[in-house]
Every structure is written in structure tokens, then in C-alpha cells.
Amino acid sequence: MPHEPLSKWSHDSTAGKVLSFFDYEVVAEALEKNSFSIEEEVSTLVQHVRDPDPKISLRAHNQLRRVLNEVAK
């Protein structure tokens with residue numbers, strides 16, 4: 001299956017910055033459809049925060065802060 005050349009792709013430079021490839025409403029809808037609650041997500045992130053590997057715990061800590069910030073809004 002041939003791919004479309006990149007030259008046919010157009011970029012709108014006036015559209016602004018891309019802040020994320022995901023929309024919060026879409027993510028919330030996906031979580032709801034999968035019966036994955038915020039409580040489960042936070043619980044999983046807390047387990048990862050307690051991981052002895054600093055790379056895992058730091059990333060989980062940052063993600064946990066984002067989730068808690070979103071919940072607080």
C-alpha cells in the first residue's frame with residue numbers, strides 16, 4: 001500500500017501551538033468506556049511512585065500530579 005508523500009501535507013502556521021495530541025474529553029470518554037475509574041488510575045500511579053527505580057517513580061510522580069491537578073479542576 002503506497003503512502004501519501006509528505007509534500008501533499010499542508011501546515012497551518014497560524015493555528016497556534018500543539019499542546020497535546022490528546023483531548024481530555026476523549027481520554028475521559030475512553031476511560032469511562034473501559035470502566036477505568038480515576039481511583040484505579042491514582043492507585044496504580046501511587047504504586048509506581050513507590051517503585052524503587054527512580055526513573056519509574058519520577059515519571060509516575062509527574063503523572064500523578066497532572067491527574068490530581070485535573071481532578072481538582
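## The cap on helix α3

Let's start where helix α3 begins. Aspartate 53 caps the N-terminal end of this helix. One of its side-chain oxygens sits 3.1 Å from the backbone nitrogen of lysine 55.

Which residues of α3 are buried? They are Ser57, Ala60, Leu64 and Val67. These residues cover an arc of only 90° around the axis, so they end up on the same side of α3. Here's the handy rule behind that: an α-helix has 3.6 residues a turn, so residues three or four places apart point the same way.

As for the buried residues of α3, they pack against α2, which runs over 38-49.

## A closer look at serine 57

Serine 57 is part of helix α3. Why does serine 57 count as buried? Its relative accessibility is 18%, and the cut-off for buried is under 20%. Leaving aside residues up to four places away in sequence, serine 57 touches His48, Val49 and Asp51.

## Arginine 50 in the loop

Between α2 and α3 there is a loop, and arginine 50 lies in it. Is arginine 50 buried or exposed? With a relative accessible area of 68%, arginine 50 is exposed. Along the chain, arginine 50 and alanine 60 are 10 residues apart, and their C-alpha atoms are separated by 8.9 Å.

## The whole protein

Stepping back, the protein has 3 helices and 0 strands, and its elements run α-α-α from the N terminus on. Of its 73 residues, 8% are buried. The accessible surface comes to about 7,200 Å², and carbon and sulfur atoms account for 57% of that.

The average pLDDT of the protein is 77, and 60% of the residues score at least 70. Where is confidence lowest, and where is it highest? The lowest is in helix α1 (residues 24-33), with a mean of 71, while the highest is in α3, at 92. Where pLDDT is low, the predicted coordinates should not be read in detail.

How values were computed
Residues are numbered from 1 along each chain as its sequence is written. This is a predicted model: local features need pLDDT of at least 70, side-chain atom pairs count only at pLDDT 80 or more; totals for chains, interfaces and linings use all residues. Side-chain values use heavy atoms; hydrogens and water are left out. Buried means under 20% relative accessible area, exposed over 50%, partly exposed in between (1.4 Å probe, protein chains only). Helices (H or I, at least four residues) and strands (E, at least two) are DSSP runs, numbered from the N terminus. The arc is that of the directions from the helix axis to the C-beta atoms. Contact means heavy atoms within 4.5 Å. A polar contact is a pair of N or O atoms within 3.5 Å; within protein, one must be able to donate a hydrogen and the other to accept it, and residues adjacent in sequence count only if both atoms are side-chain atoms. Accessible areas come from the Shrake-Rupley method with a 1.4 Å probe; for residues, only the protein chains shown count as cover. pLDDT is the predictor's confidence in each residue, from 0 to 100.
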